Amino acid sequence: MQPYSAVLAVGLAMAVATACGGKISDDGDGRGGTGMASPATMTGGRGGTAAVAAAAGVLPMRLLTRAEYDNTVLDLLGDDSHPAAAFPPEDAGSTGFAQVQKLDDVNIGAYLKAAETIAERASKDLKTLMGCDPAGAAELVCVKSFVTSFGRRAYRRPLRDAEVDEHVALYTDTLKGTLKLGINEAMPTLVAAMLQSPFFLYRWESAWEASRDGRELKLNAHHLASQLSYFFWSSMPDAELMAAADRGELQTTAQIQAQAVRLLADPRAERSISSFVEQWLGITALEGALRSKPGWGPTLARAMIAETDRFAADVILKGNGLLTTLFTSRLSSADATLAAFYGNKTITGTTPQPLTFAQGERAGILTLAATLAAHADENDASPILRGKLIRERVMCDAIPPPPGGVPDLPAPDPNTPKKQRFAMHAQGTCKGCHELMDPIGFAFEHYDNVGAYRTMDGKLPVDSSGAIKGLDGSDQSFTSAVDMMDLLGNSDQVRTCLMKQFFRFGFARKENEDADVASLKAASDAFRSSNGNIRKMLAALATSRVMTHRSLAAGEVLP
Amino acid sequence: MSRYSFDRRTLLAGLGGGLVPLLAPHGARAASATPKRLVVIAVPNGYTADYLPEVVGTGWQARATEFSPLQPLEPWKDRLLVMGGINVQNGIDTGKDVKKDPNATIAGHAIMPFLLTGAKGVAGPSIPDGWSLTASHCSVDQYVVQKLPAVSGRPFPSLVMRPVALSAGGYGNTPLSYSGKTLDGKSHNAPSIRENPFTVFDDLFGGKIDITALQRQRAKRKSILDFSSRQLKQVQARVGSDDKQRIENHLTAITEIEKQLATMSGACQAPGRADETIWSTSQSNPKMNLVIRTQIDLTVAAMACDLTRVASHSWCSSNNNTIVFPWLADRIASLNDTWTGTETGGSGNNLRNHHTIAHNEGQLKREKNLVDRFFIECFAYFIEKLSKTMDPDGRPMIENTLVLYANMQRTGGGHQTDNLQWFLAGNANGYFKQGRYLPFLSGKTNQMAPTNGLLTAIVNAMGCPPVDSFGDPAYGGEATILRG
């Protein structure tokens, strides 16, 4: 068997009959429901392996997400005002990661206002912005050179001559002509128009300049450069990546691989990792969460989120990159606020310092305060929410919605063990789903509603032992959350799930078990053969078909 | 049709302080030319038995309990229909009939996407904190927008608002209003929800700058948007059919914005601006009561200016997990926004937030009645503003404005979505016979009726092309009892 078949075995094992709709189902989007690949595709039963290996998914146009927008204006204009904070909330689409889906007057209007504000700020010093002096006789030459150079960066591709002319005409005919604006008003309006352009707002770049490659389309070099930079940085390509595209040096696997390694080593990769981790673990809204606990508030919440971001970046980008480390490391970092929360009195100041958790108390990213606090009720830990998080986001199993008419659990009683209060969940119609969530969630009972460590819950000692149902196809027992992290950190199922989550985050869609099979196999092989090195897996995705190719969409016309 | 113009100072008076009649009759206008308007309001978490009125003839009176929830509506009885015995079509279609099994699949907290659609929900995406159901049909407010060119042609086809900043994605944070089908055709899109009332103010009334600067800003905006449209059209020819639709939506949004720019620069004057410190992006804004009032003021002003004819207000999510009521602490001290730290642990045991109060409605009946009364007071304020603001025909706006107030479940802890009590305030040029209590919308004692009878009546009353039924026709047609 090839390494990849281990992944398959997990998928098939997961289809064994249990409760909760009859079986534990995976959360994929493809056919078959057994994981990312069906036996038919793997054995060439549907058109043959070779044909499948040449496939790539479609690449729909999509608006920059809020994070991508903020990062892009920062890299494009040095604007660090986080303008996207004023945009309407994003939907977590079917992927669980942010996708701007609404295109209505409210949303487009918010982009418009942001464009105006950013352009206004950027135009305070026109000479610096434009790289030339627009005053006097050379005005149009300067405007044209600005449109050419700024447009190339803003649109992430060279502008065609006709396009440059259209921009200059907007400036001369409309802004200066019809509206009679002076340079100091016309220029910011031109910049705002470029920031409101679909070529800036949409991740589509020069998609129509793709070339045919068998049944698929191969992205042109600048489009690929943008794909890579948004995948690794959640932002626009830098000058070096654009130059590589100009020179035709994004052709071979080795060339793309070299860029992937460079991008991963750049500090900008931390933005993408933060964005991924915050959404993957569902901690984005923690700042506004209501938690009944002295000291709780936005400052502490922000410190917790920042810790999780640093932890992920330290392991994935700077450390050994291993999934096992991500799930089991006791080495974190904290500023004074967070250190005090963790019971450390030696760390002072606002600069994060290294912090090692006591053996047995915490291990890995899932036991950091942010994730525990985010998946809790207002005044207590929630075994249900925490179990659901692990089941869905870490194990990639699907849990159906709760039925109607659900009765309440018995009221809390300091003399009754919490597990006893939840006993109803082990019976009748509750059992099918709750046996997939509650036992995992109870592993985290050592952490209260804000993720603080505790040994007692009310008047009774915490019992965090239990078993995960159907992890890698079997039931596996643990004594505590820390103990459980060893299971998760070494699980084939979890490794496969994390790869899928990165795929969904990076490509804004769920994996398709037919079209994406070759890319997923490449990433899976790299992930597995490196003992679970996340950097190697990401680099493998970067050179795979899903990054470099796309399918022709229904109704699409290539020029 | 011309827009209304009115004196800035009178409008300020009407919006800010005393509720004086705003608009003197402005030329001769036939009553039939007065626009009809629709407001829908949704609130979560059910109610106690004190929310059910006592029968008095064909009318009603509020129960004389402490913090009587319906007492704030007493002055507006003549403008109200109180309707009981309403079932919402629940959940994913499992083959179970709502008439036989009202709680077929899903509880009142997941109901918002199909509260006002007259059709069952469909499975939406699995989301980090739950499972999302979504709409399979337009909600009644957006249906009216789509069916009436006079409504969709307003600068703001509808104003969809909620008074608190909630992140998207949670099952409780789903929208109330749904419009066109999504790209995959399986569910419906929701218009973006406006939260910050000051952004709404700027969008409606053009912000703080003077008229010359405003016109200049709008001309620039138009040039930006025109340029963007031209580029979108260049792309549109090349892309696949799904992307073509995305671009079409983007172009439509630009058309909407341009229409708003063109209209605002004219006669309609801005009302006064509320104190900006009332807004916070916290999910438990301690001044949310004032945000609700401001959003009501803005809605009435926008309707008085005929900037919009349809509004949708959710107060706030479908569970209000994060909604606390410190402004009610003068009446019940435990509602103050402080945590003593002595409460017992366990889910849902906190005394402050709306959801928890609802779950403990037995023990916390006073609190439950008081917070329900608070939302009813907001509803009454809406009715009052619409009653004291005159249309150009000289009649109060409420004569031609329907305000539907819908709770999402029956009891606080039970999550039932059957036998609900809703309210319909206002009228559509005399379409409804108000001033009555209908304990059963079906007209038959102890027989429940689906929402469709009411929603169909609203659609027909608003002047949409007449329909036999709204939503899923399996649930029947108009409830004629509403007309008398």
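Figure 1. Helices and strands here are DSSP runs numbered from the N terminus, with at least four residues (H or I) for a helix and at least two (E) for a strand. Strand β9 (residues 401-407) of chain B runs antiparallel to β10(B) and is joined to it by 4 bridges. Strand β4 (residues 80-87) of chain B is joined to β10(B) by 5 bridges, again in the antiparallel sense. Two strands count as paired if DSSP finds at least two bridges between them. Strand β10 (residues 420-426) has 7 of its 7 residues buried. A residue is buried if 20 or more other C-beta atoms lie within 10 Å of its own, exposed if 12 or fewer do, and partly exposed in between, with C-beta atoms placed from the backbone.

The model is predicted: local features need pLDDT of at least 70, side-chain atom pairs count only at pLDDT 80 or more, and totals for chains, interfaces and linings use all residues. Residues are numbered from 1 along each chain as its sequence is written, while chains are lettered from A and ligands numbered from 1 in the order in which they are written.

**Figure 2. Two asparagines with positive phi in chain B.** B:Asn419 lies in the loop between β9 and β10 of chain B. Its phi is positive, about 55 degrees, although B:Asn419 is not a glycine. B:Asn419 has 16 other C-beta atoms within 10 Å and is therefore partly exposed. B:Asn45 is in the loop between β1 (37-43) and β2 (54-56) of chain B, with phi near 80 degrees. B:Asn45 has 31 other C-beta atoms within 10 Å, so this residue is buried.

**Figure 3. A cis peptide bond and a loop threonine in chain B.** The peptide bond between B:Trp315 and B:Cys316 is cis, with omega about 0 degrees. B:Cys316 belongs to the loop between β8 (310-314) and α8 (354-359) of chain B. B:Thr182 is in the loop between β7 (159-161) and α4 (197-205) of chain B. B:Thr182 counts as partly exposed because it has 16 C-beta neighbours inside 10 Å. Leaving aside residues up to four places away in sequence, B:Thr182 touches B:Ser187, B:His188 and B:Asn189; contact means that the C-beta atoms of two residues, placed from the backbone, lie within 7 Å. B:Ser136 is 46 residues from B:Thr182 in sequence and 9.9 Å away in space, C-alpha to C-alpha.

**Figure 4. Helix α9 of chain B.** Helix α9 (residues 365-388) has 24 residues and reaches 34 Å from its first C-alpha to its last, close to the 34 Å expected at 1.5 Å a residue. The expected span is 1.5 Å times one less than the number of residues. Of the 24 residues in α9(B), 18 are buried. Chain B has 10 helices and 12 strands, and buried residues make up 59% of its 484 residues.

**Figure 5. Nonpolar cores.** A nonpolar core is a set of buried Ala, Val, Leu, Ile, Met, Phe, Trp, Tyr and Cys residues joined through C-beta atoms within 7 Å. The largest core has 168 residues, of which A:Leu286, A:Met304 and A:Leu541 touch the most other members. Helix α15 (residues 298-318) of chain A gives the most to this core, with 10 residues. A second, separate core of 114 residues includes B:Val88, B:Tyr143, B:Leu441 and B:Ile481.

**Figure 6. Crossing of helices α19 and α21 in chain A.** Helix α19 (residues 383-394) and helix α21 (residues 428-442) of chain A pack at an angle of about 105 degrees, with their axes 7 Å apart. Axes are lines fitted to C-alpha atoms, for helices over the stretch in contact, and angles run from 0 to 180 degrees between N-to-C directions. α19(A) and α21(A) are therefore roughly perpendicular to each other; angles of 65 to 115 degrees count as such, those under 35 as roughly parallel, those over 145 as roughly antiparallel and the rest as oblique. Residues of α19(A) in this packing include A:Pro383 and A:Ile390, and those of α21(A) include A:Leu436 and A:Phe442.

**Figure 7. A three-stranded open sheet in chain A.** The strand order is β4-β5-β13, with antiparallel pairing. β4 (211-213) and β13 (549-550) of chain A are at the edges with a single partner strand each, so one side of each has no neighbour in the sheet. Strand β5 (residues 216-218) of chain A pairs with β13(A) over 2 bridges. A:Leu217 has A:Arg550 in β13(A) as its bridge partner.
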